[in-house]
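Here is a short note for someone opening this entry for the first time. Please keep the viewer at hand while reading.

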Amino acid sequence: MLAKLHDLELWGADIGNAYLEAFTDEKLYIIAGPEFEELEGHILVFHKALYGLKSSGLRWSEKLHDILKDLGFLPSKADPYIWYRENKDGTKYDYVAIYVDDLLIESENPKELIDQLKEKFNLKIKGDGPLEYHLGCDYYLDPDGTLVAAPRKYVSKILEAYKNMFGEDPKSSKLPLDKNDHPELDNSELVGPDQIQKYMTMIGQLQWAVTLGRFDILSQVVSMSGFSLAPRAGHVARVKKIFGYISKTKHYAIRFRTDEPDYSNLPDQDYDWCRFVYGDVHKEIPEDASKPLGKPVVHSVYLDANLFHDIVTGRALTAVLHFLNMTPIDWFSKCQATVETATYGSEFVAAKTATEQAMD
């Protein structure tokens, strides 16, 4: 969203054999066998952070940390795996988002950064170029030029996996689950180990689909995840129904719209906080906060709570959706820790959760 807002180019890249770019601090050696020919019998000490060693991920993270620091980037205080630096004219920030060895770059000149990683630090960069695919999600422009994110390849992949598991395509469904359905009341027979394994696999696949933007099934996946250890036949049927819904709606996507929402019709009320329970409060701004650059954004939060979502425990379900301008950027759903007896209480708990997330 920030790339489109600030007219930055959006590139993806992958670092080949990333762990081997770092050095291990583990004390490991082997005694060379006959396949080492003239070195047979020698003690060979490992100095590279080999894949499979306990500390290799950390060593690579430290290596990449030093590289980005050298290039003038700083880690975000909100997320240490998002790095930023001022652009050359000091009007906006360039960003690098890291997921192990996958890079997502937002910059006026991402090619220059890629060239520096290749030439100055000798990293083996592959797949670099304008962003089309990242961590299972497809990125493309729709006919009016709006950037779109949709896990099309991933959805096709899990639907194919479903067909391999059950020998047929999922039955198309207009809804992920029936209205007013309560799977916690299901008393059908418990399934065997083979079905449990399939159930866990399907839940894991759906959870990643949610992460990639399919928040329209978030609450349903949260509900069904609670039965993973001992699912019943009815629970398996419900998860299959979610797959049927995914099959029918596999074209669903997130459009990155940068326009600010119009809240002019909402009342702007002044509150006398001196009579509030916390007294005369004030907003604390960190002294080491980065200076604001670029265009302003509006952070909107939508929330709701479903009272007695779980009839057995009496707990409500919280759902939260965060927007930057008119683009959804984060989503959350979870059963509440307390049992509320009125809608007001459950929605107040949801509002507390949403506020804490916005403050983070």
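1. A word on charges to begin. Lys and Arg count as positive, Asp and Glu as negative, while His and the chain ends are left out. On that basis the protein has 40 positive and 56 negative charges. Their mean positions lie 4 Å apart. Bear in mind that this is a predicted model.

2. Next, the overall build. The protein holds eight helices and 15 strands. Along the principal axes, its C-alpha atoms fill a box of roughly 75 × 60 × 45 Å.

3. Take the contacts with a separation of 6 or more: 65% of them join residues 24 or more positions apart. Of the 360 residues, 40% are buried.

4. What about the surface? The accessible surface comes to about 21900 Å². Carbon and sulfur atoms account for 54% of that.

5. Look at one nonpolar patch on the surface. Leu 185, Phe 308, Ile 311, Val 312 and Val 339 form it. Ile 311 sits in the loop between β13 (299–306) and β14 (317–324).

6. Finally, Lys 77. Its place is the loop between β4 (74–75) and β5 (82–86). Is Lys 77 buried or exposed? Its relative accessible area is 63%, so Lys 77 is exposed; the cut-off is over 50%. Lys 77 and Ser 290 are 213 residues apart along the chain, yet their C-alpha atoms are separated by 9.3 Å.

How values were computed. Residues are numbered from 1 along each chain as its sequence is written. This is a predicted model: local features need pLDDT of at least 70, side-chain atom pairs count only at pLDDT 80 or more; totals for chains, interfaces and linings use all residues. Side-chain values use heavy atoms; hydrogens and water are left out. Patches are made of residues with over 30% relative accessible area and no salt bridge: like charges are joined within 9 Å, nonpolar side chains (Val, Leu, Ile, Met, Phe, Trp, Tyr) within 5 Å. Accessible areas come from the Shrake-Rupley method with a 1.4 Å probe; for residues, only the protein chains shown count as cover. A salt bridge is a side-chain nitrogen of Lys or Arg within 4 Å of a carboxyl oxygen of Asp or Glu. Helices (H or I, at least four residues) and strands (E, at least two) are DSSP runs, numbered from the N terminus. Buried means under 20% relative accessible area, exposed over 50%, partly exposed in between (1.4 Å probe, protein chains only). Contact means heavy atoms within 4.5 Å. The place of a charge is taken as NZ of Lys, CZ of Arg, CG of Asp or CD of Glu.
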